[in-house]
Amino acid sequence: MESTIEIYSPEWFINRQGNFTGSEIWKLMTEPRSKKDDLSKTAETYILEKVWEKLSGEVKQGINNFATEFGNENEPIAKKFYQSVTGNEIKESLMLYSNEIEGLTGSPDGLIGEDGLIEIKCPFNGANHLRHCFITDEETLLNEVPEYYYQMQCYMLLSNRNWCDFVSFDPRIISDLGLFIFRLNRNDEVIEKMKSKIIIARNLFNQYVKTFEGKK
């Protein structure tokens with residue numbers, strides 16, 4: 001469901017506090033070392049980061065460097081090229097959240113029509129853009145960039161949409177190769193597994209919060 005909260009607004013940061021987000025949901029999907037465990041060490045660390053946000057009232061900030069600045073500057077250009085090439089009109093997305101699953105939110109780069117989404121990456125490292133150009137199917141996308149794969153599946157879960165165009169853009173390549181598009185379809189089997197992982201993680205989150213708040 002779409003909220004009325006604009007991306008990167010003060011309210012956007014507040015609503016991310018203690019919530020699992022689409023951009024980091026891959027951490028919950030990593031495989032545990034033992035089959036008897038429900039969650040991996042990476043997932044457990046992610047849960048503790050969210051507990052810290054809840055207890056501190058702050059949001060863990062990402063790294064702001066040349067790579068992130070490059071991506072932020074070029075995303076609007078990528079959107080224009082994408083619309084020109086595909087004829088698809090991009091509607092800006094507000095924050096999405098789940099009515100079904102507690103504490104899950106996300107902010108896709110845009111909405112396409114009634115069924116689609118768009119997720120744009122503008123790699124500062126040009127080799128990463130070229131690596132994206134080898135993606136030809138769902139399995140390759142999952143193997144090469146699982147963080148993006150699960151991010152898009154999560155956004156389809158949140159929006160109840162059926163596909164997401166993965167766009168990789170490098171403005172330094174002055175040819176058609178500078179814009180790569182791969183359409184990822186909704187995978188309900190993966191989404192159901194994701195739901196299960198999130199519910200387990202949220203229950204553990206709530207247990208941790210209760211334990212730590214009891215020690216104040």
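Mentor: Let us begin with D165, which touches Y82, N88, L117, I118, E119, I181, F182 and R183, not counting residues up to four places away in sequence; contact here means heavy atoms within 4.5 Å. The model is predicted, and residues are numbered from 1 along each chain as its sequence is written. Local features need pLDDT of at least 70 and side-chain atom pairs count only at pLDDT 80 or more, while totals for chains, interfaces and linings use all residues, and side-chain values use heavy atoms, with hydrogens and water left out.

D165 belongs to strand β7. Helices (H or I, at least four residues) and strands (E, at least two) are DSSP runs, numbered from the N terminus. With a relative accessible area of 2%, D165 is buried; the word means under 20%, whereas exposed means over 50% and partly exposed lies in between (1.4 Å probe, protein chains only). One of its neighbours, R183, also makes a polar contact with it, side chain to side chain, at 2.8 Å. A polar contact is a pair of N or O atoms within 3.5 Å; within protein, one must be able to donate a hydrogen and the other to accept it, and residues adjacent in sequence count only if both atoms are side-chain atoms.

Strand β7 spans residues 163–169, and the loop between α7 and β7 holds N160. N160 is exposed, at 58% relative accessibility. Its phi is near 60 degrees, a positive value in a residue other than glycine.

At their contact, Y149, Y150, Q153, C154 and L157 of α7 meet V190, I191, M194 and K195 of α8. These residues divide into seven nonpolar, one polar and one charged. Ala, Val, Leu, Ile, Met, Phe, Trp, Tyr, Cys and Pro count as nonpolar, Asp, Glu, Lys and Arg as charged, and the others, Gly among them, as polar.

The N-terminal end of α8 is capped by N187, which has a side-chain oxygen 3.1 Å from the backbone nitrogen of E189. The 26 residues of α8 reach 37 Å from the first C-alpha to the last, close to the 38 Å expected at 1.5 Å a residue; the expected span is 1.5 Å times one less than the number of residues. Its buried residues include V190, I191, M194, F205 and V209. Besides α7, the buried residues of α8 pack against β1 (20–21), α2 (26–29), α3 (41–56) and β4 (104–106).

In β1 lies T21, which counts as buried at 1% relative accessibility. Leaving aside neighbours within four places in sequence, T21 is in contact with R16, Y46, K50 and T105.

As for the whole protein chain, there are eight helices and eight strands, and 45% of its 216 residues are buried.
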